[in-house]
Amino acid sequence: MLMNWTQFAIINPMKRSHIRNFCIIAHIDHGKSTLADRLLQATGTITDREMQEQVLDNMDLEREKGVTIKASAVRMSYTAKDGQEYEMNLIDTPGHVDFSYEVSRALQGCEGAILVVDATQGIEAQTLANLYLAINAGLELIPVINKIDLPAAMPDDVAQEVEHITGIPAEDAIAISAKTGENIEAVLEAVVKHVPPPKGDSAAPLRALVFDSHYDSYKGVIAYVRVFEGSLSRRQWVKMMSNEVSVEPIEIGIFGPAMKPTDELTAGEVGYIATGLKTVRECRVGDTITLRDMPAMEPLPGYEAVKPMVFAGFYPTEGEDYALLKDALERLQLNDAALVFEPETSVALNFGFRCGFLGMFHMEIIQERLEREYDLDLVATAPSVRYEVVMAHVDEVRVIQSPAELPDESTIAEIREPWMHVQIFMPDEYFGVVMDLAMKRRGELVGQEYPAPGRVVLKYDIPLAELIIDFYDRLKSATRGYASMDYEFAGYRVSDLVKLDVLVNKVPVDALAMIVHSDAAYNRGQKLVTQLKKLIPRQMFEVPIQAATGKRVVSRANVKAMRKDVLAKCYGGDITRKRKLLEKQKKGKKRMKMIGNVEVPQEAFMAVLRINDD
């Protein structure tokens, strides 16, 4: 066995010097996936016959929305101009702000990053956020200016912008068109030249970092790994260092871009391990895999678990689908480390789960995946955020994730809500519009910068509850799509908040309750009641809809009853006969109301999202 370890140590240094591990980072829609397609074609990894747009985006949702949701890996072989053959491991990353945790995980497995910037848009919020992540991870940066084939392209101006922010000379930025394939070869040569080969001792005990995973019905949990030290052969038992779970891998291999089995993975390589594990908790993203019989002394520094920011309830419309929803959420959680959930019951919706997400787009994607991939019919409640409640008479701080958990207001000393640092990038002509929008959402201006002529960055502190509903959509509408934003958690602050209850037919609907600022309670209550009046179908009896804070009703509307015309058969005759029929009808309606239930449709729960601030 010792001889084999020594052999690896002799063989691998030369091989390892020809490995390049890199990722592509960019703002959403700057051409990241298209560049990955061209690199696959240029290296001959995929033939023209197999080629399709967004090869690495293999989810239907990714193709439809034009957004990378999951980080994916692929190995390419490239013969450089120096005549040497290089093994290139590319990890494609998402660009939306909600999926920045995917980016941070991908960066852990790389030594270099291609920073893609749109020649028509310039540097945007997520470009900058991902750039800082790459710098903190100590990666070598290669700036690439994409979309130079467009008439509105300004590659020289954008290169100057990149130089101003990164310090990399403008002439070192590579101008390309990922769509036409222009200058793609220069990107590959830059990767060979600037990205350092991976370090790591092949003779040391195995340490492989799990940077992603997915679940396969036949092979169990498939862990995407970057091997930092040691090597792994087929049939060698491995161990997860966080929970001591040992397993014999069913298969090990590389991505090409489909999974290809191999006999060995050595230090510096990126590949996969099909563990055969059937439960989600046994193989966590960020864990270190080592050999059972020759374990490493300590795990690799993983990445911090991301904390969800937005919470919503998911309930199956059919009660018997509860077990199916639980199973689907567990499988999705394996593919998506940021998703958290716990069981929850609601008077209106029965049994379901309280789920935590990184943002509204993340929530939308999870809901669509549950409905499509697992064929579930769901009711989703309006999203809320996590609050800290300081109790009045006991030294206790409670964390609540839904308005239903808020204690009685007489027992509360103060409520703290999460605030975010928000950076908004935009052309300076939209300065006033964006300031007006931020002020309406209780935003506090903390600074502004001018990274380039005609561009401004506004820095705000805004409560997360005001951000999650439709702030991003409003921002895009107000600036005709030119503004972009990035945000990070800034801590909890004390606010004057109240619980706004909604009563339908005098029965509180816990799933429609929300926590709002006391100044906005009347306005929000009025708008929500108006929306619900349109959405709740008419019954055979009158249905009152009320919005209340504590014991005080702030708004009310009635859904009129459907009425049969009982006087239709009366023509002429005494008025008392008509009155008698109307009284009889009235008594019937009253009796019906006592035993009648009002079905609240799914649209009503999402009406909360449509309460705008106009």
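**Figure 1. Close-up of the pairing between strands β8 and β15 in a predicted model.** In this predicted model, strand β8, which covers residues 220–229, pairs with strand β15, which covers residues 270–274, in the antiparallel sense, and the two are joined over five bridges. Within this pairing, Y224 has Y272 of β15 as its bridge partner.

**Figure 2. The open sheet of eight strands to which β8 and β15 belong.** The strands follow one another in the order β11-β10-β16-β7-β8-β15-β12-β13, and their pairing is antiparallel. The edges are held by β11 (246–247) and β13 (259–261), each of which has a single partner strand, so that one side of each is left without a neighbour in the sheet.

**Figure 3. Cysteines in a structure that holds zero disulfides.**

**Figure 4. Two segments in which pLDDT stays under 50, residues 1–14 and residues 57–66.** For residues 1–14, the model has 15 contacts beyond four places in sequence, whereas for residues 57–66 it has 32 such contacts. Where pLDDT is low, the predicted coordinates should not be read in detail. For the protein as a whole, the average pLDDT is 77, and 84% of the residues score at least 70.

Methods: Residues are numbered from 1 along each chain as its sequence is written. This is a predicted model: local features need pLDDT of at least 70, side-chain atom pairs count only at pLDDT 80 or more; totals for chains, interfaces and linings use all residues. Side-chain values use heavy atoms; hydrogens and water are left out. pLDDT is the predictor's confidence in each residue, from 0 to 100. Contact means heavy atoms within 4.5 Å. Two strands pair if DSSP finds at least two bridges between them. Helices (H or I, at least four residues) and strands (E, at least two) are DSSP runs, numbered from the N terminus. A disulfide is a pair of cysteine sulfur atoms within 2.5 Å.
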